[in-house]
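My notes follow in the order I looked.

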Amino acid sequence: MQKVVQLYVTLRNRPGSLAHMSGLFHKAGINIQAIMATGSGPKMIVDNLEKAKSLLEQNKIPYTTDEAIAFELTNKPGEIARISKK
């Protein structure tokens with residue numbers, strides 16, 4: 001497990017908002033490594049945080065950051081229970 005900084009992006013709840021933002025990331029060569037969609041926008045971990053923040057600011061897309069713990073799991077029942085015991 002490692003501590004990472006995630007972006008919490010505030011998007012308008014309308015068709016195409018996520019596609020627009022992810023398209024900007026694609027054009028800039030920023031890889032979204034993990035994402036969780038919420039009603040007000042995605043929380044995500046990217047491979048170049050500073051570049052992503054700059055891109056969001058240039059496009060007037062609001063965001064905040066916070067710490068998260070990242071880890072990879074095998075896709076099978078019980079993995080979250082197993083890793084959370086450590």
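How many salt bridges does the count come to? I took a salt bridge as a side-chain nitrogen of Lys or Arg within 4 Å of a carboxyl oxygen of Asp or Glu. By this rule I get two salt bridges.

Before going on, I noted that this is a predicted model, where local features need pLDDT of at least 70, side-chain atom pairs count only at pLDDT 80 or more, and totals for chains, interfaces and linings use all residues. Residues are numbered from 1 along each chain as its sequence is written, and side-chain values use heavy atoms, with hydrogens and water left out.

**Entry 1: charge pairs**

I looked up Glu 79 and found a salt bridge with Arg 82, with 2.9 Å between the closest N and O atoms. Both residues lie in helix α3, three residues apart, about one turn of the helix. Helices here are DSSP runs (H or I, at least four residues) and strands likewise (E, at least two), numbered from the N terminus. Helix α3 covers residues 79-84.

For exposure I used relative accessible area: buried is under 20%, exposed over 50%, partly exposed in between (1.4 Å probe, protein chains only). Glu 79 counts as buried because its relative accessibility is 6%. Arg 82 is at 39%, so I put it down as partly exposed. Glu 79 also touches Leu 73 and Thr 74, leaving aside residues up to four places away in sequence; contact means heavy atoms within 4.5 Å.

The other entry is Glu 50 with Lys 53, a salt bridge at 3.4 Å, N to O. These two are about one helical turn apart because they sit three residues apart in helix α2 (residues 49-58). Glu 50 counts as exposed, at 54% relative accessibility.

**Entry 2: a loop residue**

I found Asn 13 in the loop between β1 (2-9) and α1 (17-28). Its relative accessible area is 73%, so Asn 13 is exposed.

**Entry 3: largest pocket**

A pocket is an open set of points on a 1 Å grid over the protein atoms alone, where a 1.4 Å probe fits, with protein on both sides within 12 Å along at least five of seven lines; lining residues have an atom within 4 Å of a point. The largest pocket holds about 320 Å³, a volume being the space filled by probe spheres set on the points. It has 15 lining residues, and those closest to the centre are Gln 6, Ala 34, Ile 45, Ile 69 and Ala 70. I noted that β2 gives the largest share of this lining, four residues.
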